[in-house]
Amino acid sequence: LYYFYDALIRLQLVITGKQPASKSVKKIKSAIGKFKKWAKNAPVNFQHKRDLIQELLEVVRRNTAEAESLVQKSIDGATTNGYTNEVALGNNLFAVYHQVSGNESQSEKYFKKAHHAYKQWGAINKVRQLEELHPHLAVSQESMTVTSEMKSVTAQGIGNKLLDLST
C-alpha cells in the first residue's frame, strides 16, 4: 500500500501545482511498474490501483482522453472488487484535477460521486469535509433522504389507511 499512496500523494502535489512533475514522475512510473507486475498475479487486488495511478499520470501528461478512460476503468474495477474506499478516492482525485483545470461541471460530477462513495464506505469525516467545501452536496443528500423516508412512510400506511402527513 505504501507505493499506492506514495504515488497518489505525489500525483496530487503535481496536479495542484505544489510540486514540479520532474521531481515525481520517476517514482510514479516505478510504482506503476510494480502494480502492473502484481496485477498479473492478483488482478482483483492490484489492477484498479494501477489504473488509478496511470490515470492520474495521464492527467499530469495532459492526456485527458486517456485519463477519462482509465478513471472509469479504475473505478469500475474498484467497484466490482469491493474497494469502496478506492472508488471514493479515485472520484475525489479526478474531481480535484477538474477543479484545478477550471472545469467546474466535471469537478462537481466527480465530487458528488466521491461524496456518495465516502458515505457508503462510512468515512463520515471525509463526507463532512466535502460537505463543508461543497455545501450543495449536503443539501442534495439531505433532501434525497427526507424524500426517500417520506415515500417509505407514505407507502407503508397504517393498517388500511395511509398516513396523513398533514395532521
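Student: Leaving out residues up to four places away in sequence, what does Asn85 touch?
Tutor: Asn85 touches Tyr5 and Trp121, where contact means heavy atoms within 4.5 Å. This is a predicted model, in which local features need pLDDT of at least 70, side-chain atom pairs count only at pLDDT 80 or more, and totals for chains, interfaces and linings use all residues. Residues are numbered from 1 along each chain as its sequence is written, and side-chain values use heavy atoms, with hydrogens and water left out.
Student: OK, is Asn85 buried or exposed?
Tutor: Asn85 is buried, at 18% relative accessibility (buried is under 20% relative accessible area, exposed over 50%, partly exposed in between, with a 1.4 Å probe and protein chains only).
Student: And what about Ala31, buried or exposed?
Tutor: Ala31 is buried too, with a relative accessible area of 3%. Beyond its neighbours within four places in sequence, Ala31 contacts Tyr3 and Ala7.
Student: Which helix holds Ala31?
Tutor: Ala31 lies in helix α2, residues 21–41; helices here are DSSP runs of H or I with at least four residues, numbered from the N terminus.
Student: New topic: at what angle do α3 and α4 cross?
Tutor: Their axes cross at roughly 160° and come within 8 Å. The axes are lines fitted to C-alpha atoms over the stretch in contact, with angles from 0 to 180 degrees between N-to-C directions.
Student: So how is α3 oriented relative to α4?
Tutor: α3 is roughly antiparallel to α4, a label for angles over 145 degrees.

Note on methods:
Helix = DSSP H or I, 4+ residues; strand = E, 2+ residues; numbered from the N terminus. Parallel < 35°, antiparallel > 145°, perpendicular 65-115°, else oblique.
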